[in-house]
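Dear colleague,

Please find below the structure that I am handing over to you. A short account of the findings follows it.

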Amino acid sequence: MNLLEIENLKVSYGGIQALKGISFTVAPGELVALIGSNGAGKTTTLKTLAGLLHPAAGKIHYNGISLHNIPAHQRVHNGLALVPEGRGIFARLTVAENLLMGAYTRNDATHIGADLDRMYALFPRLNERRTQLAGTLSGGEQQMVAMARALMCRPKLLMLDEPSMGLAPMMVAKIFETIRNISEQGVSILLVEQNAKLALEVAQRGYVLESGLVTLSNSAEDLLGSDEVRRAYLGA
Amino acid sequence: MDIFLQQILNGLVQGSVYALVALGYTMVYGILGLINFAHGEVVMVGAMVALTVSQLLLATGLPPLLVLLIALMVAAAACMVLGYGIERIAYRPLRNAPRLAPLITAIGVSIVLQNLAMIFWGREYHAFPQLLPNGLHTLGGAVINDVQLIIMLVALLMMTGLMLLVHRTRLGRAMRAVAENPSAAMLMGVDINRVISVTFMLGSALAAVAGIMVSANYGIVHYYMGSILGLKAFTAAVLGGIGNLRGAMLGGVLLGLIESLGAGYIGDLSGGFFGSNYQDVFAFFVLIAVLIFRPSGLLGERVAERA
Ligand SMILES: Nc1ncnc2c1ncn2[C@@H]1O[C@H](COP(=O)(O)OP(=O)(O)OP(=O)(O)O)[C@@H](O)[C@H]1O
Ligand SMILES: [Mg+2]
């Protein structure tokens, strides 16, 4: 059974239809990439899944339940976590406080402490900066905070919106290595990226979104090799 | 008698009250970007409820200190319900409306509350019963009474408690997170409506305590008392930097001192032309000066961006 199943999802901003009926799935433990150019509807998709936007039509089934009418904050309780575009860190909270916010839905203090230690092991840079205000970190470090924070809720499905945005190549490599790492630990991941090559290299399957419609879907390998994707997204 | 020291003491007492009320303005502003102009009226309702409760209980012959404690708890509870209701009914439906709409609503709520209080408690001044000992103490040439000492002490306790809550607890962390980025807080699983309600309730409880403090200090309660007090506390919040908790406390104490020293010396400074009844003027001079020279307040940052 799939962890996430989306059927004919339609989302509008006022009169503008951003998603015109898309369908896709994520299986447990899978890393799925959602690629597409600017304005294709990638962020809209993730925001709708997180509950920040409400669909005009369509179904979202997650972990065996319909997410219809489940408010955003409740979805986190069900293990659905989003690292939003632009990261959405709390600049005036310390790094440690940001991570604790990630564990807001949990009340198992001892396990939270252990998970904090795991995050600091995963991102040693954050360990040195525990008490620093998150707003004073570099972009890459902020992306680490955002990812570590999302992991603190022990998500079943982690959604990442353009984690490479605005980062230097070294940092992008580091972030993608971590994504692979998280995926290998069994967390399902829905990865949105403009950098199609990078995304398809870590993903098992991918969907191409264009103007609010899914135009291609295949294994990541086949997408990487396909002419359409190469021409449109890989600059080849 | 040392007039200077006396004015400082008076200023600290008054400043403690301003600080407690200013915290309510600043907490709500911090989390919603909204100036809750009805907050002064919550102070008044707190005082009025405490008045009624203590009148009723005193008649039964309970000891005054116990009466005060019960009155305090009932008033705080009543104000929390009121604060919750104000947000629920007047502000929540306007959460995504243009900024002017909730501002006008706030003024409307304030007028409604004043009028309800007038209908319920009447237009006249009420004597607030004396529930605390009123011993006098001399302190280096100045005089302070028990009520004033207790006001400062309780204010200090409440402010310490609030700071601990905001900076050391899960709820406080959530409050700061919602204030900074509501949708990111939602993504952490925070029910932001609940956090906003709690913020209103906390501010309202502080307002109730402040209302009882002024009533006990001056011995008088009136349905209009919240309006000028509210404006001054708002001034204090702006002076400190609205949205900033430390700023509200600093602004409150400073405003109390400025007012008290100003009132103490205005006669001498103006050659007897103005008397100490011009005291209220200072708060508004301060407000104007802050808005001109340092609109973000003493400890505030980039208010213009949010306002
Ligand atoms: N708040 C909004 N109001 C109106 N239209 C919006 C809003 N947000 C997005 N849109 C429109 O919806 C469409 C999809 O936007 P979306 O942000 O989902 O794209 P995206 O695929 O994430 O693009 P990018 O790669 O640039 O982040 C775009 O045409 C965009 O202009
Ligand atoms: Mg986007």
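A polar contact is here a pair of N or O atoms within 3.5 Å; within protein, one must be able to donate a hydrogen and the other to accept it, and residues adjacent in sequence count only if both atoms are side-chain atoms. By this criterion, an oxygen atom of ligand 1 lies 2.9 Å from an N or O atom in the side chain of Gln194(A).

The model is predicted: local features need pLDDT of at least 70, side-chain atom pairs count only at pLDDT 80 or more, and totals for chains, interfaces and linings use all residues. Residues are numbered from 1 along each chain as its sequence is written, chains are lettered from A and ligands numbered from 1 in the order in which they are written, and side-chain values use heavy atoms, with hydrogens and water left out.

Ligand 1 has two further polar contacts to report. An oxygen atom of the ligand is 3.1 Å from a side-chain N or O atom of Glu162(A), and an oxygen atom is 3.2 Å from a polar backbone atom of Ala40(A). In total, 13 residues surround ligand 1, with Asn38(A), Lys42(A), Thr43(A), Thr44(A) and Glu85(A) the closest; a residue counts if one of its heavy atoms lies within 4 Å.

In chain B, strands E2 (residues 136-139) and E3 (residues 142-145) run antiparallel and are joined by four bridges. Strands are DSSP runs of at least two residues, numbered from the N terminus, and two of them pair if DSSP finds at least two bridges between them. Thr138(B) has Val143(B) as its bridge partner in E3(B).

Yours sincerely
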